[in-house]
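Please open the model in your viewer and keep the selection panel at hand. The tour moves from one selection to the next and says what is found at each stop.

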Amino acid sequence: MGGALRRADVGATVTVGGWVHRSRDLGGQLFLALRDREGLLQCSFNPDWTAPAVIAAAAAVGVESVVLIEGTVHARPADQVNPEMATGEVEVRATGIRVVGPALTPAIPVATSKDTKPPAEELRLRHRVLDLRRPELQHALMLRHRLAKATRDYLSGLGYLELETPILTKPTPEGARDFLVPSRVHAGEFYALPQSPQIYKQLFMCCGFDRYFQIARCFRDEDLRADRQLEFTQIDIEASFIGREDIITMAEGLVRALWAEAGIAVETPFPRMSYAEAMERYGCDRPDLRYGLEIRDLTAVFRGSESGIIQSALAAGGRVRAIVVPGGGAWSRKQVDELEAIAKQAGAGGLLRLKAHQGALEGPLAKFLPADAQAALGLQEGELLLGVAAADRISSPALDRVRQECAARLGLVDPAVRKFLWVLDFPMFDQDPETGALAAVHHPFTSPNAEDMAARPDAPATWRALAYDCVLNGTELGGGSIRTSDPAVQSRMFQLLGIGDVREQERRFGFLLEGLRAGAPPHGGIAFGFDRIAMLLANATSLRDVIAFPKTTAARALFEGAPTQVPVADLDELHIRPVEG
RNA sequence: GGGGGCGUAGCUCAGUUUGGUUAGAGCACUCGACUGUCACUCGAGAGGUCGCGGGUUCGAGCCCCGUCGCUCCCGCCA
């Protein structure tokens with residue numbers, strides 16, 4: 001291929017195919033920059049070696065047309081080497097050209113220089129064939145391929161089998177909305193697209209396939225974001241006769257292999273932290289460890305406060321928690337108000353603020369504090385204390401957001417630093433504070449911690465789960481768990497989650513329970529967000545840059561024009577009718 | 001479902017603050033000149049439903065109301 005020609009190819013007679021990236025017509029001679037996925041190649045048309053008719057034909061070709069160029073590879077003179085091109089030491093002296101795919105004038109430019117802005121997202125998606133020709137996107141999708149291959153190589157090397165699972169499947173309760181597909185054969189019945197292959201991979205374990213993986217497409221009908229698409233890809237993994245440590249070690253090896261593919265060395269093992277510790281110190285179950293600003297419990301100091309806000313929060317069983325921001329004392333009233341707005345948006349009633357100035361505390365609360373408060377807080381000159389007095393359920397998310405914003409303002413978020421982390425010991429259930437209803441934090445098939453279950457059988461809200469998340473710089477890369485392999489325990493879990501009726505359990509999950517009853521090995525697994533990893537390693541900021549044909553945030557495919565209306569006859573055949581209005 | 005940003009030539013944008021003659025620039029495109037360029041250069045030209053609809057006004061790219069599209073965030077996404 002033309003973009004791969006190097007000095008060693010000098011002398012070769014070649015026919016190179018590609019797209020006309022740019023042309024420079026100097027009058028008597030001209031140069032075409034020919035592009036393929038490997039890069040750019042200069043083709044030189046000159047009367048000394050090119051027939052006049054060929055020069056005329058080359059001069060008439062429009063950019064983005066597909067051409068075949070015949071010629072000989074020549075070394076460029078030293079003063080004409082282009083160090084910015086991989087092929088910069090050579091050029092093809094053309095003797096012939098054939099336009100095999102003439103192109104209309106492109107609606108959006110493909111050949112851009114470093115400092116030009118890409119076209120609007122809408123145009124990029126509408127003219128995706130042109131957009132995907134751009135070298136950045138070519139590189140991103142080629143990286144994506146290498147990551148998929150590295151995944152297959154690594155897991156195959158460990159004896160994992162790549163097995164496929166159905167796309168037309170049964171609706172299962174995985175939290176998100178399902179995409180439904182009407183059945184033509186069975187009036188009024190629907191398939192669902194899988195939100196993940198979760199149950200199938202557990203069934204593979206019951207089948208005895210031991211170690212499974214799949215680069216699996218998943219579908220969730222929820223609103224989109226820069227890092228969320230309707231359909232996305234995960235690296236789905238499951239294994240039998242293993243425990244948490246086996247999965248973690250295997251997963252660390254996978255991360256190492258993937259990052260190595262992008263030329264980045266990753267050190268393992270990753271540090272670990274319990275969910276409880278992450279929530280206490282960072283207010284978040286996927287903390288960004290690139291910076292400090294850890295949350296401190298200052299309840300003891302504020303207990304003596306005469307402030308009504310604090311007293312009522314403490315009386316309700318809450319705490320006073322805060323972060324201390326070095327240099328924050330210099331922020332203006334307005335800047336701190338913005339932080340408070342962030343805290344309020346996250347659910348807090350407000351933000352307590354204190355700063356030390358000339359040995360005394362300043363802030364709306366200062367006068368309500370006991371005299372020894374300054375000594376107890378140890379606040380230094382220039383530091384700003386930002387706190388929330390409330391239940392942890394309120395203060396954790398609020399302080400998490402405030403902490404992230406402060407770190408961004410102080411420039412503490414270094415994109416060159418990578419802090420991997422395992423978060424362990426998630427709670428099994430999330431309890432609704434009003435109704436008391438339990439919901440699975442991970443999913444209903446996660447195994448609870450057996451010791452917790454034995455110690456407090458009547459308090460499931462206190463049980464920990466054998467679940468784990470892999471986190472990088474505040475982003476969840478993947479997560480998994482050891483599963484419940486005992487059908488009786490699984491049935492109990494359904495019961496705790498409000499599916500008490502046995503017939504209901506059988507109707508919805510009978511196929512899983514049947515697998516477990518047929519003799520299930522202990523098993524567990526993990527799933528990584530493949531697109532998100534590709535995005536990180538391609539230095540992209542949107543999933544759309546690592547997915548060839550993505551949807552817009554309004555869930556439309558602009559290039560193909562999906563979704564679309566269909567003829568009424570098609571609907572009739574599927575036994576569905578549009579709702580009037 | 002809610003909040004913010006953007007929408008002017010094929011593309012990227014200026015013009016909107018303070019309504020006023022014929023809406024501009026760079027790139028791309030067309031034509032012409034040019035024999036070593038590499039974002040070639042130079043000259044000329046063509047190119048506009050100011051997203052769409054309605055309103056205010058003597059007059060709207062600019063003000064008001066509505067609406068559509070793209071985007072970022074909240075909700076949502078176990």
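For the class counts that follow, Ala, Val, Leu, Ile, Met, Phe, Trp, Tyr, Cys and Pro are taken as nonpolar, Asp, Glu, Lys and Arg as charged, and the others, Gly among them, as polar. The model is a predicted one.

Begin by selecting RNA strand B together with the protein residues near it, of which there are 49, the closest being D25, K117, V441, H442 and H443. Of the atoms of RNA strand B that come within 4 Å of the protein, 51% belong to sugar and phosphate. Colouring this surface by class gives 18 charged, 16 nonpolar and 15 polar residues.

Next, show the bases of RNA strand B and zoom in on D25, where a backbone N or O atom is 2.4 Å from a base nitrogen. Then select R76, which places a polar side-chain atom 2.7 Å from a base nitrogen, and R228, whose side chain has an N or O atom 2.9 Å from a base nitrogen.

Now turn to the largest nonpolar core, which has 43 residues, and select I237, W259, W422, I526 and F528, the members that touch the most others. Helix 6 (residues 244-261) gives the most to this core, namely eight residues.

Finish at G329, in the loop between strand 13 (319-325) and helix 10 (333-345). Is G329 buried or exposed? G329 counts as buried because its relative accessibility is 16%, and buried means under 20%. Leaving aside residues up to four places away in sequence, G329 touches K355, G382, E383 and L384.

Technical notes
Residues numbered from 1 in each chain as written. Chains lettered and ligands numbered in written order. Predicted model: local features only at pLDDT ≥ 70, side-chain atom pairs only at ≥ 80, totals over all residues. Heavy atoms only, no water. Near = heavy atom within 4 Å. Polar contact = N/O pair within 3.5 Å; in protein donor to acceptor, adjacent residues only side chain to side chain. Core = buried A, V, L, I, M, F, W, Y, C linked by side-chain atoms within 4.5 Å. Buried < 20%, exposed > 50% of the residue type's maximum accessible area, 1.4 Å probe, protein only. Helix = DSSP H or I, 4+ residues; strand = E, 2+ residues; numbered from the N terminus. Contact = heavy atoms within 4.5 Å.
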